[in-house]
Amino acid sequence: MTKRIAVIGAGLAGLACARVLRRAGAYVEIFEQDRIIGGRMATTRVGVVPYDHGAQYLTARSAQFRVFIDELCHAGYAAPWKPNTSSGGGQMNPWYVGTPGMSSIVRPLAESVRIHTSRRVHTIERSDEAWHIWFDDQSVMGPFAVVAVAVPAPQALLLLGRVEEVSEPLARVRMSPCWSLMVRLDQHMQLDQDVFSDMSDVIRWIARNNAKPGRSLKGETMVIHASPQWSRETEDAEPEAVAEELWSEVCHILALPPVRPSQMTAHLWRYGLVEQSLGETFIYSSQQRVGVAGDWCLGRLSEHAYESGSALGRAIVASLD
Ligand SMILES: Cc1cc2nc3c(=O)[nH]c(=O)nc-3n(C[C@H](O)[C@H](O)[C@H](O)COP(=O)(O)OP(=O)(O)OC[C@H]3O[C@@H](n4cnc5c(N)ncnc54)[C@H](O)[C@@H]3O)c2cc1C
């Protein structure tokens, strides 16, 4: 198979899809709006300090994702994480994190595929049984035999609103925003847990980022996620004001002594978390030769994104045989 296929979105779903297609012999090109790949599987640097401000850890319920995690661990891109928790670290499913950051998780998937970063897709158009892709700068690429769209459902709907058999199920999916606060303290805090979840109506998650394997042990870095409800209410607020409010809530909840972070930055994941999933692994129109994948198809976790993207890749391969 030497078909030219476009994948839109270089998150876990898009990259997993691209790997299946490439292994089947397709010529795959990925278009990503961001400067970097990984999507919500992210590690960002504020100055020189890295933070996992999106996905916090991985679990593997499916055999397929367990194989992928084993591959990552063997290659040094991931390691098990047993944080101190209120349950004493005895999670039902083992936790894994990317090393040295969560963004390492996607690195093996990006090998041998052509990835165009800083390329936001504006429109996709089908004519003469082929797809063309238009970008924000009005440039165009194509023809592509198939397009796989692997972006959050509300963003996919913007691209596929005119393809009825895809847009109708897409409109059923609900995603909510999530504020992520990154905090650096110059001294270690005396905390008896590495992670705290569902702490109040405002705070959903607090993690000591530096407690993960392979992170720098100097000082204290924390990642805090606000609840979906609070994030929605403050979606249009200034990041600086959000940061102050979240930090004051964390100090209150954890009964921290008055301490001023040496660094504090808030980031909004506008389509961060899945509230209502599709309930199907992917959507693919073999007639229109266009498909959609993402975590929101099956659930809300990284493993759902991987499973969805891989399955869409296999469906595309089968349709081209
Ligand atoms: C705060 C937070 C905490 C989380 N915690 C966990 C956790 O602990 N464990 C877990 O398993 N999961 C967690 N998740 C979920 C996990 O991050 C996602 O399930 C997974 O990363 C989704 O991958 P994806 O490929 O479906 O989507 P994304 O990662 O969103 O990838 C989509 C990509 O498409 C790009 N894109 C969008 N529109 C366009 C366009 N028009 N043109 C070009 N590119 C475009 C985006 O920039 C992005 O890179 C968390 C998510 C968030 C936000």
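Visitor: Leaving aside its neighbours within four places in sequence, which residues is Glu32 in contact with?

Guide: This is a predicted model, in which local features need pLDDT of at least 70 and side-chain atom pairs count only at pLDDT 80 or more, while totals for chains, interfaces and linings use all residues. Residues are numbered from 1 along each chain as its sequence is written, and side-chain values use heavy atoms, with hydrogens and water left out. With contact taken as heavy atoms within 4.5 Å, Glu32 touches Gly9, Ala10, Gly11, His116, Thr117, Ser118 and Arg119, once its neighbours within four places in sequence are set aside.

Visitor: Where does Glu32 lie, and what makes you say that it has no salt bridge?

Guide: Glu32 lies in the loop between E2 and E3, where helices (H or I, at least four residues) and strands (E, at least two) are DSSP runs numbered from the N terminus. A salt bridge needs a side-chain nitrogen of Lys or Arg within 4 Å of a carboxyl oxygen of Asp or Glu. For Glu32, the nearest side chain of opposite charge is that of Arg120, and it is 9.3 Å away; here Lys and Arg count as positive and Asp and Glu as negative, while His and the chain ends are not counted.

Visitor: How many salt bridges does the structure hold, and what is the N to O distance between Asp295 and Arg40?

Guide: The structure holds 16 salt bridges. In one of them the side chains of Asp295 and Arg40 meet at 2.8 Å, N to O, a value that falls within the 4 Å limit. This pair links distant parts of the chain, 255 residues apart, with Asp295 in helix H7 (residues 295-298) and Arg40 in the loop between strand E2 (27-31) and strand E3 (44-46).

Visitor: Why is Asp295 called buried, and why is Arg40 called partly exposed?

Guide: The words follow from relative accessible area, found with a 1.4 Å probe on protein chains only: under 20% is buried, over 50% is exposed, and partly exposed is in between. Asp295 counts as buried because its relative accessibility is 6%, whereas Arg40, at 23%, counts as partly exposed.

Visitor: How do you know that Glu303 and Arg61 form a salt bridge?

Guide: Their closest N and O atoms are 2.7 Å apart, so the pair meets the distance rule. Glu303 sits in helix H8 (residues 302-320) and Arg61 in the loop between strand E4 (49-51) and helix H2 (63-75), so that the pair links parts of the chain 242 residues apart. Glu303 is buried, with a relative accessible area of 3%, while Arg61, with 48%, is partly exposed.

Visitor: What is the distance in the salt bridge of Glu235 with Arg270?

Guide: The closest N and O atoms of Glu235 and Arg270 are 3.2 Å apart. Glu235 lies in the loop between helix H5 (228-233) and helix H6 (239-254), and Arg270 in strand E16 (residues 263-276), 35 residues apart. Glu235, at 23% relative accessibility, counts as partly exposed, and Arg270, at 40%, also counts as partly exposed.

Visitor: What makes E8 and E9 a pair of strands?

Guide: Two strands pair if DSSP finds at least two bridges between them, and strand E8 (residues 121-127) and strand E9 (residues 130-135) pair in the antiparallel sense over six bridges. Within this pair, Glu125 stands opposite His132 in E9. The hairpin has two residues between the strands, and there Asp128 takes a positive phi near 50 degrees. E9 is also joined to strand E10 (residues 140-144) by three bridges, again running antiparallel, with Met141 in E10 as the bridge partner of Ile133.

Visitor: In what order do the five strands of the open sheet come, and which are its edge strands?

Guide: The order is E13-E14-E15-E12-E16, with antiparallel pairing. The edge strands are strand E13 (195-197) and E16, because each pairs on one side only. E13 is joined to strand E14 (residues 203-208) by three bridges, and Ser197 stands opposite Trp205 in E14.

Visitor: Last, why does Leu12 count as buried?

Guide: Leu12, in helix H1 (residues 12-23), counts as buried because its relative accessibility is 5%. Among its contacts, leaving aside neighbours within four places in sequence, are Phe68, Leu109 and Tyr306.
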